[in-house]
Amino acid sequence: MQPIHIIGGGLAGSEAAWQIVNRGVPVVLHEMRPAQSTAAHKTGGLAELVCSNSFRSDDRDHNAVGLLHEEMRRLGSLVMRAGDANQVPAGGALAVDRDGFSLAVTQALASHPLIEISRNEITELPPALWDSIIIATGPLTSAPLATAIRAVTGEDALAFFDAIAPIIHRDSIDMSVAWFQSRYDHAGPGGTGADYINCPLDRPQYEVFVDALLAGDRVSFHEWETATPYFDGCLPIEVMAERGRETLRFGPMKPVGLTDPHRPGIKPYAIVQLRQDNRLGTLFNMVGFQTKLKHAEQVRIFRVIPGLEHAEFARLGGLHRNTFLNAPKLLDGTLRLKAMPRLRFAGQITGCEGYVESAAIGLLAGRFAAAERRGETPQVPPPTTAHGALLAHITGGHVETIDAGPRSFQPMNVNFGLFPPLATSPSSPLPTLPRMRGRVGRGELRGAVKAMAKRRALTARALTDLDAWAGAAMAAATQTNPLIPVSEGAPVPEPSPR
Ligand SMILES: Cc1cc2nc3c(=O)[nH]c(=O)nc-3n(C[C@H](O)[C@H](O)[C@H](O)COP(=O)(O)OP(=O)(O)OC[C@H]3O[C@@H](n4cnc5c(N)ncnc54)[C@H](O)[C@@H]3O)c2cc1C
């Protein structure tokens, strides 16, 4: 059987490779690192996490990304197996030891008999001999390949900015001022209820900090970058401060659900949280503190925060440019380029956003490509599932504006707004919301209780529909190709103690 070529061994490319070989189809995975790196990657490891070490909420019942985790686990995801095996405490979030995670993915792929890993940069469109290709080169796709892709799509790639947050050495944080506590003592699946380091600010300290942020010297844009907007879920902290002096207190610095044990009678006016970044617990990242302040300014301004006066920074924040296709226009329903169907795209370059979403789209691209190679018809997941909702956003769920101007398709994290409303679900036997009565008060559910009930109903419907879809795909594969079995792959080994 001819191999499927995957370009890019990041989150999406690694997951796609795993899904394909577990369907008995060989893969050549082309990764340009370590010989050629990007502005953000630091290692030669596959699936390197370039910024935060968090896969975000692991709450599968009330959070769309938690639901995506669960769906991926059910679909035999390598990224989730390696993430679960390398988890570090983070309350209700799934955070991982980044080195252990990347090593687990690299080892699982490198040791698979159907995978060849080729360490080379692909600089142009692959030869016609490669009849099935997945391009998963991510937000930092190397320039020559980006140029080649732009040429074949006939469009300019749209770009925007993300900013990354600083990481601090734990032993440089003054714990006579700071303290360990998760918001509302929430333990979550892998936490203790005391997973975050909290630094309190009183009102004068907060005002001084905001003034310093507003006056801080920033990295300036190149001329060609000035019209590039920010992704709203990842605004630099100084840009948030510009939107209003109180914006940070209602965002990453909100003081709720936390009590300062050093001064229990005094309610902090604002709080900076730091989350464990490695298994050893020696590094902590500043939650929500992505920034484009100049490096010297970051050190000066962040040391104003109580508890961080002597902070030593393992990494400072920075900026990066993102590249993604106008996917609703350019890609078909199974992520193939309409103009050249032997090219399929996966990961952030398709216009999803985030580690988990990128891996999930890699999972789907891998399954679609493998089904095609096996002579089966690729089946897309129902839009009621998190995978299907995300795919629908990328491949057509988005409504184009009719006005002239910049195109309106923007990268998106998975969220419940992408799911079809409950009442219109044709397939699910689950109750629709208006009939969900009685558990709280009399009559229909209201407010936050109703919102939570709605999420539970959406997630229950999603998992029912996902299981049915996966079961049908498995049955079709077994029927069409009884001699090429489909498996979920070997388990990822537990990390060795350090
Ligand atoms: C600086 C930065 C910070 C981010 N912070 C976060 C965050 O905190 N949380 C979050 O969820 N997401 C974050 N993201 C988004 C995150 O990168 C993506 O969500 C995710 O890594 C994308 O997965 P991917 O597989 O599409 O791309 P990547 O994981 O970037 O993988 C792409 C791979 O392709 C390789 N490659 C590129 N060009 C070529 C070529 N021509 N030939 C061969 N190989 C090539 C690269 O070396 C890389 O290994 C951040 C992104 C950046 C750039």
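A crossing of two helices is left-handed if the near helix is turned anticlockwise from the far one by less than a right angle, and right-handed if clockwise. By that rule, α1 and α10 cross in the right-handed sense. The model is predicted: local features need pLDDT of at least 70, side-chain atom pairs count only at pLDDT 80 or more, and totals for chains, interfaces and linings use all residues. Residues are numbered from 1 along each chain as its sequence is written, and side-chain values use heavy atoms, with hydrogens and water left out.

**Overall make-up**

- The chain holds 12 helices and 17 strands. Helices (H or I, at least four residues) and strands (E, at least two) are DSSP runs, numbered from the N terminus.
- Of the 498 residues in the chain, 56% are buried. Buried means under 20% relative accessible area, exposed over 50%, and partly exposed in between, with a 1.4 Å probe and protein chains only.
- Take the contacts in the chain between residues at least 6 apart in sequence: 72% of them join residues at least 24 apart. A contact means heavy atoms within 4.5 Å.

**The α1–α10 pair**

- Two packed helices are described by the angle between their axes and the distance between the axes.
- The axes of α1 (residues 11-21) and α10 (residues 355-373) come within 7 Å and cross at roughly 35 degrees. Axes are lines fitted to C-alpha atoms, for helices over the stretch in contact, and angles run from 0 to 180 degrees between N-to-C directions.
- From α1, the contact uses L11, A12, E15, A16, Q19 and I20. From α10 come Y355, S358, A359, G362, L363, G366, R367, A369 and A370.
- The contact residues divide into 9 nonpolar, 4 polar and 2 charged. Here Ala, Val, Leu, Ile, Met, Phe, Trp, Tyr, Cys and Pro count as nonpolar, Asp, Glu, Lys and Arg as charged, and the others, Gly among them, as polar.

**The mixed sheet**

- An open sheet of 6 strands runs in the order β6-β2-β1-β7-β17-β16, with mixed pairing. Two strands pair if DSSP finds at least two bridges between them.
- The edges are β6 (115-118) and β16 (336-337). Each has a single partner strand, so one side of each is left without a neighbour in the sheet.
- α1 packs on this sheet and touches β1 (4-7), β2, β6 and β7 (133-135). The direction of α1 makes about 165 degrees with that of β1.
- β2 (residues 27-30) pairs with β6 in the parallel sense over 4 bridges. H30 has S118 of β6 as its bridge partner.
- β1 and β2 are also parallel, over 4 bridges. I7 stands opposite H30 of β2.
- In a regular strand the side chains alternate between the two faces of the sheet. In β1, I4 and I6 point one way and H5 and I7 the other, and all are buried.

**The antiparallel sheet**

- Another open sheet of 6 strands has the order β10-β11-β12-β13-β9-β14, with antiparallel pairing. Its edge strands, β10 (179-180) and β14 (313-315), each pair on one side only.
- β11 and β12 pair over 6 bridges, antiparallel. C199 stands opposite V272 of β12.
- α6 packs on the sheet, touching β11 and β12, and its direction makes about 95 degrees with that of β11.
- β12 and β13 pair over 3 bridges, antiparallel. R275 faces N285 of β13.
- β9 (residues 167-169) and β13 pair over 3 bridges, antiparallel. H169 has L283 of β13 as its bridge partner.
- In β13 (residues 283-286), L283 and N285 point one way and F284 and M286 the other, and all are buried.

**Helix α6**

- At 1.5 Å a residue, the 13 residues of α6 (residues 203-215) should span 18 Å, and the end C-alpha atoms are 18 Å apart, which agrees. The expected span is 1.5 Å times one less than the number of residues.
- Y206, E207, F209, V210, A212 and L213 of α6 are buried.
- The buried residues of α6 pack against β11 (196-201), α7 (237-242), β12 (270-276) and α8 (295-302).

- R249 lies in the loop between α7 and β12. R249 is buried, with a relative accessible area of 16%.
- Leaving aside neighbours within four places in sequence, R249 contacts Y206, K254, P255, Y269 and A270.
- Q276 lies in β12 and counts as buried at 10% relative accessibility.
- Not counting residues up to four places away in sequence, Q276 touches N53, V88, P89, D195, G281, L283 and F284.
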